[in-house]
Amino acid sequence: MSINIDLIHFLVVAAFSFLVGLEVKSYRKKFSKAKEQNYFFGDIRTFSFVGILGFILFKIDIIHYSLYIAGFLAITLLFAILYHKNLEDNRRSILLFIVMILVYTFGALIQTQPLWMTALIYVSIVFILNSTKPLNKIFAEINITEFETLGKMILLSAVILPLLPDTKIIPYIPLSPFKIWLAVVVISGISYGGYILQKYFFPSKGYFLTGIFGGSYSSTATTVVLARKAKQIGGLNVIDAAIISATSVMYLRLVVVALIFNLHIGERLILPFIGLSLVGFIISSFYLKNQTRTKEHVGIADTNPLELKTAFLFAFLFVAMIVLTHFVTQKYGTSGLEILSFLVGFTDIDPFILSILTGKLSVSSTQIITAIMIAAGSNNLLKALYALWFGGVKNTYKSAIWITVLGIITIVIGIAYEKIL
């Protein structure tokens, strides 16, 4: 015999309402001042009954909802009376009233929406009520201009992006404006994720984690910062490990980018790039052995990768690389592409990588993979030079040597890729 669906709905509403009441009681104990009396209706039983009341009123008047609306107005009126009293004592919070109204909607949600919707609202209430102190700590450290920048990027992504034409309208460029800007948004989003993790969630977790999270949005910038730190305090094995780990993460980042924009190429890069990444992490682990742990803040450059000027510059470089790559491949063929890949490695390789992943070049997929690997390898050579220049030879020579070795191996594998695989 099947269980009546209304009974299931009722039990879910009663249980969620009761549990929210428990969370509210815990919240009030944490944040109410011991000697102050805050006038507010609502304990565990009240929240339970409010949820049940919303379920009943919505159920018995499912056509006009007048009783359900009347219940909402009655709760609001009662709170308004008590809120007036709280204002006299300079207490203005309406948080718990909003929570009670959300509980009141459980009855309507469970009967009109999928179960996951009610469960999601319940989980959100519990999470927000219990995250006050952690969120306050995080927001106290956040630079408000970064949220403004994120808002601009959301505007350009969610509003402007759908309006861009998805047809080829620019001569000599095989991509539409929509796909060009989509690539910018994706790359900026990946970089922004690593930036936020490093800056706000792991800001003072030591040099090694700085290398890992910094490498997820810019292994070159991370190498420069860590090398400068090595020059300040002297060479440390943990800094060498961090620099090597930043490059190791770069390989993983390039695999993710390739899988997003060209699944076939990305799948063929998994084996060599993950293998090179593992080699890098193994080497860095040797330098971490018997190393004194430190949680000193490294101070990665506070440059938000979602800055609009950075995004527009990336878009310009992306388009320029598409044009340049098409010209080189048509004029000089595969050898020209390989030379270009090596030279581009001494700059920002992301625009070039995207250009060959999305540019529909007149070369084979194997030649594209070779070009990506050569660019990644030569970029390692650039980071090795940066490590020596900004950190001093005696402080960073170990990490510079290993990054160079990884770079050379990457280039060799890239050139011999067709024969090896």
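In this predicted model, Phe 273 is in contact with Tyr 251, Leu 254, Val 255, Ile 372, Met 373, Ala 376 and Thr 410, once its neighbours within four places in sequence are left aside.

**Largest nonpolar core**

- The largest nonpolar core holds 46 residues, and the members that touch the most others are Phe 273, Phe 352 and Ile 372.
- At least two residues of this core come from each of helix H8 (177-201), helix H11 (237-261), helix H12 (263-288), helix H13 (308-344), helix H14 (350-358) and helix H15 (365-391).
- Helix H13 provides the largest share of the core, with nine residues.

**Salt bridges**

- How many salt bridges does a search of the whole structure find? The search finds three, and they are described one by one in the points that follow.
- Asp 6 and Lys 59 meet through their side chains in a salt bridge at 3.1 Å, N to O, and this pair links distant parts of the chain, with Asp 6 in helix H1 (residues 5-31) and Lys 59 in helix H2 (residues 44-60), 53 residues apart.
- Asp 6 has a relative accessible area of 28% and is therefore partly exposed, and Lys 59, with a relative accessible area of 35%, is also partly exposed.
- Lys 398 and Asp 240 form a salt bridge at 3.8 Å, N to O, and the pair links helix H16 (residues 393-415), where Lys 398 lies, with helix H11, where Asp 240 lies, across 158 residues.
- Lys 398 counts as partly exposed because its relative accessibility is 24%, whereas Asp 240 is buried, with a relative accessible area of 0%.
- Arg 253 and Asp 350 form a salt bridge in which the closest N and O atoms are 2.9 Å apart; Arg 253 belongs to helix H11 and Asp 350 to helix H14, so that distant parts of the chain, 97 residues apart, are linked.
- Arg 253 or Asp 350: which of these is buried? Both of them are buried.

**Ser 248**

- Ser 248 is placed in helix H11 and is buried, with a relative accessible area of 0%.
- The side chain of Ser 248 reaches the backbone nitrogen of Phe 281 at 3.4 Å.
- With neighbours within four places in sequence left aside, Ser 248 is in contact with Ser 277, Gly 280 and Phe 281.

**Aromatic pairs**

- The count of aromatic pairs comes to nine, and one of them is the stacked pair of Tyr 68 and Tyr 104, at 4.7 Å centre to centre with 20° between the planes.
- Because Tyr 68 lies in helix H3 (residues 66-88) and Tyr 104 in helix H4 (residues 95-112), the pair ties together parts that are 36 residues apart in sequence, and both tyrosines are buried.
- Phe 342 and Phe 346 form an edge-to-face aromatic pair, with 5.5 Å centre to centre and 70° between the planes.
- Phe 342 is partly exposed, with a relative accessible area of 33%, and Phe 346 counts as partly exposed at 30% relative accessibility.
- Ring pairs also link Phe 16, Phe 106 and Tyr 122 into a cluster.

Key:
Residues numbered from 1 in each chain as written. Predicted model: local features only at pLDDT ≥ 70, side-chain atom pairs only at ≥ 80, totals over all residues. Heavy atoms only, no water. Core = buried A, V, L, I, M, F, W, Y, C linked by side-chain atoms within 4.5 Å. Buried < 20%, exposed > 50% of the residue type's maximum accessible area, 1.4 Å probe, protein only. Helix = DSSP H or I, 4+ residues; strand = E, 2+ residues; numbered from the N terminus. Contact = heavy atoms within 4.5 Å. Salt bridge = Lys/Arg side-chain N within 4 Å of Asp/Glu carboxyl O. Polar contact = N/O pair within 3.5 Å; in protein donor to acceptor, adjacent residues only side chain to side chain. Phe/Tyr/Trp six-rings, centres within 6.5 Å; stacked < 30°, edge-to-face > 60°.
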